[in-house]
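Let's walk through this structure together, one region at a time.

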Amino acid sequence: MKTALITGGARGIGAATARALSEDGYAVAIGYRQSEASAAALAGELRAAGGVAGVYLLDVASTASVTAAVERVTAEFGHIDLLVNNAGISLSGLLTDLSDADWDRLINTDLSGVFRCCRAVLPGMIRRQSGCIINISSIWGMAGAACEVAYSAAKAGVIGLSRALAKEVGPSGIRVNCIAPGVIDTEMNAHLSPADLAALAEETPLGRIGRPEEVAAAVLFLAGAGGEFLAGQVISPNGGLVI
């Protein structure tokens, strides 16, 4: 049985991905930072459906936490075949109002967190000459968003990291790709008013915002047979908002 580790796996896109991968036959390691109850409930749901799942405290902003979680998952499941770097935070506001602490916190989570998790799982993947890493970026990493400069910069960095790492570890049989979702119906976008969401839906050629399950479907594609010859690519389920 293949094992998938999902950071930020308790809610939103992470939870939808956990469900999709479990249905596809993966043992799922659900990483969480604060949402322990949600992670435990999700793991229970997956087990009740006949899947294999565990929950792991994993703060991507901490090297010690990442190392400990990867060691636990490896000890319990034997190996990690798929890493989905989904954990992230957002921050809105003018650049001139952004403090050093806010900038550092966001970059440390959204970009450096991806680096830490990739670094932790790669030795095992390289030993096995097999593995798949899927990093979750954003359309704002592709196009930029006003009042989300730090978030856009971090997510653009995730795209660059993914492309460069794909070249570095491809010869070891490891595929690295990136997903850059558009506006998705998750808690991260809960600060948007119904009017804001309606305006974004109107701007989107497909006429609506996305669902977490649609991002999870892209993860399944990249992790499965459809993605076997894809490396360093960015897939953007965004309804045509950014082309």
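Helices (H or I, at least four residues) and strands (E, at least two) are DSSP runs, numbered from the N terminus. Before going on, note that this is a predicted model, where local features need pLDDT of at least 70 and side-chain atom pairs count only at pLDDT 80 or more, while totals for chains, interfaces and linings use all residues. Residues are numbered from 1 along each chain as its sequence is written, and side-chain values use heavy atoms, with hydrogens and water left out.

Which residues of helix 3 are buried? They are Ser 65, Val 66, Ala 69, Val 70 and Val 73. Seen down the axis of helix 3, these buried residues fall within an arc of 125° (taken from the directions from the helix axis to the C-beta atoms), so they line one face of the helix. Ala 64, Glu 71 and Ala 75, on the other side of helix 3, are exposed. Here buried means under 20% relative accessible area, exposed means over 50%, and partly exposed is in between (1.4 Å probe, protein chains only). After helix 3 comes Gly 78, with a positive phi near 95°.

Now find Thr 109, which sits in helix 4 (residues 100–110). Thr 109 has a relative accessible area of 12%, so it counts as buried. Apart from neighbours within four places in sequence, Thr 109 is in contact (heavy atoms within 4.5 Å) with Val 60, Ala 61, Gly 88, Ile 89 and Val 114.

Asn 86 belongs to the loop between strand 4 (82–85) and helix 4. Is Asn 86 buried or exposed? With a relative accessible area of 13%, Asn 86 is buried. Not counting residues up to four places away in sequence, Asn 86 touches Ile 6, Thr 7, Gly 8, Ile 13, Gly 14 and Ile 136.

**Further along the chain**

Val 149 is part of helix 7 (residues 149–169), and its relative accessibility of 36% makes Val 149 partly exposed.

Finally, look at Leu 241, in the segment after strand 7 (234–235). Leaving aside neighbours within four places in sequence, Leu 241 has contacts with Ile 139, Trp 140, Val 183, Glu 203, Thr 204 and Pro 205. From Leu 241 to Gly 173, the C-alpha to C-alpha distance is 34 Å, and the two are 68 residues apart in sequence.
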